[in-house]
Structure formats: structure tokens, C-alpha cells
Amino acid sequence: MALVENLEIGQIKQPRYGNNRLVRLIAKRVLSGLLLLFVISTLIFVGTEVLPGDAATALLGRSATPASLAELRSQLGLDQPIVARYFLWLSNALQGDFGVSLMNGRSVTSSIGLRLGNTLVLAGAAALVSVPLSVFLGILSVRYRGTILDRTISTVTRGIVALPEFFVGYLLIFIFSITLGWLASSATVFATMGFGDRVLAMILPCATLTLAVTGHITTMTRAALLNVLTLPYIEMAILKGVPHATIIWRHALPNALAGIINVVLLNLAYLIAGVVVVEVIFVYPGMGQFMVDSVVNRDVPVVQACCLLFAALYISLNLLADVLSTLANPRLRHPK
């Protein structure tokens, strides 16, 4: 009777273990990401604390008296144990309070806000250009595999991957700023700047970041598609006479999405972390430039905040890549 009751349109209902397993898998990924972020926050705080000297010495200089140093250390809380200072800093950071800058006395959170927006705009603009271009080039390379076009795309993209960002940035400055005089060598932007002027200022740094990730995404997209094209069901479609373009777009690409999504999001995480070098080269007022200036001036609260935000963004994008690649993989969404 129990079997008859479970019949629905001629089929026996199957227990839904797949969704629960998927939720547990995602929860494990999120917990591991939070644990990793906690470990990184500890390393950031300890790393800035073990440096020679301290913030009080950097602010008052070598001519400071012991009494003035002791008073300033007390005001900054540097006379407290390092464990107590770490947990106080971490609890404040979780509430969005990173303290005040040692150089100008302003709130670190408000100082970072505008610069973080500039960094995200630059990275987002590079992603909008690089991701569609890279995926298209990877598909085009597979579509015309073995031809001159395929070899040209593979050669150019692999050559781009081998070039570091600072070399590409300076090369673009030499060509478009010094030789041709088309664009400015610096990418200084400000709040009241017009949209057109802002776009012109961002062309060179955006192009540098685009070239930095295009080669890798193109290569991995091509590899993911070629891996799917070796599967038996693709061979069966070929034997049935299905057009090659239809095989790639309708049959191969959906099954290669997991690998493509993974590599795209990992490269977006690389954009967030690699933007530091590009911002310094083009004097772009973003998080990277702000962090480098703070390191030079030994502004410890700003350095800690910038490092923690970069780590949080990088870990978040890696987690998103893991989750989306899991959702795009039918073997994980519907396990046996």
C-alpha cells in the first residue's frame, strides 16, 4: 500500500537528498571562507604589529621624549596587550569602524569609501570588457580549431599572459601617451569630473587590466570546451551530422559553464588584488594607491583596513566561484 501511495503519474517519488547535500556543501564553503578570513585578519594585525618601532614613534619622530611617547601610546591604546588590541580592532572592523588615520586624524572608513568605489569602478570596467571578449575568443578558437585563426589567438593570448602588468602599463604609456600623445599618462579622477573625461582617464589602466586577464580566461575557456568535446555524446552528435557550430553552442558550452564560471570569477578576484600595481603606475586614486601611500607614511590603521578589505573581496569572489561552479555542475546538483 505504501508503494501505491507513493505512485505519481506512473513513477515512484524519490527522496530529495540532492538539495540538502548541496546546501551542506555551500555552507561548508562559506564557513571555510570565514575561517580563512579570520586567519588572514590575524596575520594582518600581527604583521603590522611586529614591524620595528610603532605608530607613536612614527608620528612623533626620533626627537620625541619618553614621556610624550608614553602618553601617545596610551592614547592610541598601544600599552594594551596585543591580544586585547586585536579583538578590539576585529570587533570594530566587523561594525565598519577601522579607527582613525594617524596622518590626518580622519575616519579610515570614510577615507576608504570613495577610493574603494574608484577601485571597483576600474575593476568592473575591465571585467565588462575582458570577460565577454575572452569567452568569445575562446569559443572562436574552438570553432575554428586547427586553423590559422586558432593558432593566432592561442599565440597572442599566451604571449599576453607572460607579460607582467607593470610592463604592459608602461608600454601603453609609451605608445599612447609619449609617442602618439592621444591619452594622458596619469589617470587622476575626482568627484566633479565629467563622465567623458573620466572615461578617457580610465582607458589606459582599464586596458592594462583587460590584457592581464584576457589571455588566461581565453586559454581556460578553450581548454574547458575542448575537454567537453571529447565526451561520447559529442561524438554521437558528430556522427549524426549535427553542425559543428550547433554542437559548440547548444551541447558543449552549457556543460563547460562550470569551468568557465570558475575561471572568470577567479580572474575577477585577481583584478581586485592586481589593481594595486596598475593604480600606482597610473596614479589612479583607488584603494591600491591609498594603501601604498599609507605604507610609506606608516599609517597602520589604513594599511590594516585596506589589506582586510582586499582579502575579504578576494575570498568572497573565490567563494562565489566555488558556489556557482557547483550550481552549474549537474553531477553536484543532482548526485546519485
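Visitor: Does Thr 218 count as buried or exposed, and at what relative accessibility?

Guide: Buried means under 20% relative accessible area, exposed over 50%, and partly exposed in between, with a 1.4 Å probe and protein chains only. Thr 218 has 2% relative accessibility, so it counts as buried. The residue sits in helix α9. This is a predicted model, in which local features need pLDDT of at least 70, side-chain atom pairs count only at pLDDT 80 or more, and totals for chains, interfaces and linings use all residues. Residues are numbered from 1 along each chain as its sequence is written, and side-chain values use heavy atoms, with hydrogens and water left out.

Visitor: Which residues does Thr 218 touch, not counting those up to four places away in sequence?

Guide: A contact means heavy atoms within 4.5 Å. On that basis, Thr 218 touches Ser 134, Leu 137, Gly 138, Ile 153 and Thr 157. For Ser 134 there is also a C-alpha to C-alpha distance: 4.6 Å in space, against 84 residues in sequence.

Visitor: How is Arg 222 placed, buried or exposed?

Guide: Arg 222, also found in helix α9, is buried, with a relative accessible area of 18%. Leaving aside neighbours within four places in sequence, its contacts are Gly 138, Ser 141, Val 142, Arg 145, Asp 150 and Ser 154.

Visitor: Where does Ser 141 lie, and what is it in contact with?

Guide: Ser 141 belongs to helix α6, residues 108-143. At 1% relative accessibility, this serine counts as buried. Beyond four places in sequence, Ser 141 contacts Asp 150, Ile 153, Ser 154 and Arg 222.

Visitor: How many helices and strands are there in the chain?

Guide: Helices (H or I, at least four residues) and strands (E, at least two) are DSSP runs, numbered from the N terminus. The chain has 14 helices and 2 strands.

Visitor: How should I read the packing of α9 and α11?

Guide: Two packed helices are described by the angle between their axes and the distance between the axes. Axes are lines fitted to C-alpha atoms, for helices over the stretch in contact, and angles run from 0 to 180 degrees between N-to-C directions. Helix α9 (residues 195-229) and helix α11 (residues 244-282) have axes that come within 7 Å and cross at roughly 155°. Angles under 35 degrees count as roughly parallel, over 145 as roughly antiparallel, 65 to 115 as roughly perpendicular and the rest as oblique. The two helices are therefore roughly antiparallel to each other. Their crossing is right-handed; a crossing is left-handed if the near helix is turned anticlockwise from the far one by less than a right angle, and right-handed if clockwise.

Visitor: At what angle do α8 and α9 pack?

Guide: The angle is about 135°, with the axes 9 Å apart. That makes α8 oblique to α9. The contact is made by Glu 165, Val 168, Gly 169, Leu 172, Phe 176 and Ser 177 of α8, against Leu 204, Ala 207, Thr 208, Leu 211 and Ala 212 of α9. The crossing of α8 past α9 is right-handed.

Visitor: What angle do the axes of α11 and α12 make?

Guide: Their axes come within 7 Å and cross at roughly 80°. The two helices are therefore roughly perpendicular to each other. On the α11 side, the contact is made by Val 276, Glu 279 and Val 280; on the α12 side, by Met 287, Gly 288, Gln 289, Met 291 and Val 292.

Visitor: What percentage of the residues of the chain count as buried?

Guide: Of its 336 residues, 38% count as buried. Among contacts between residues at least 6 apart in sequence, 72% join residues at least 24 apart.
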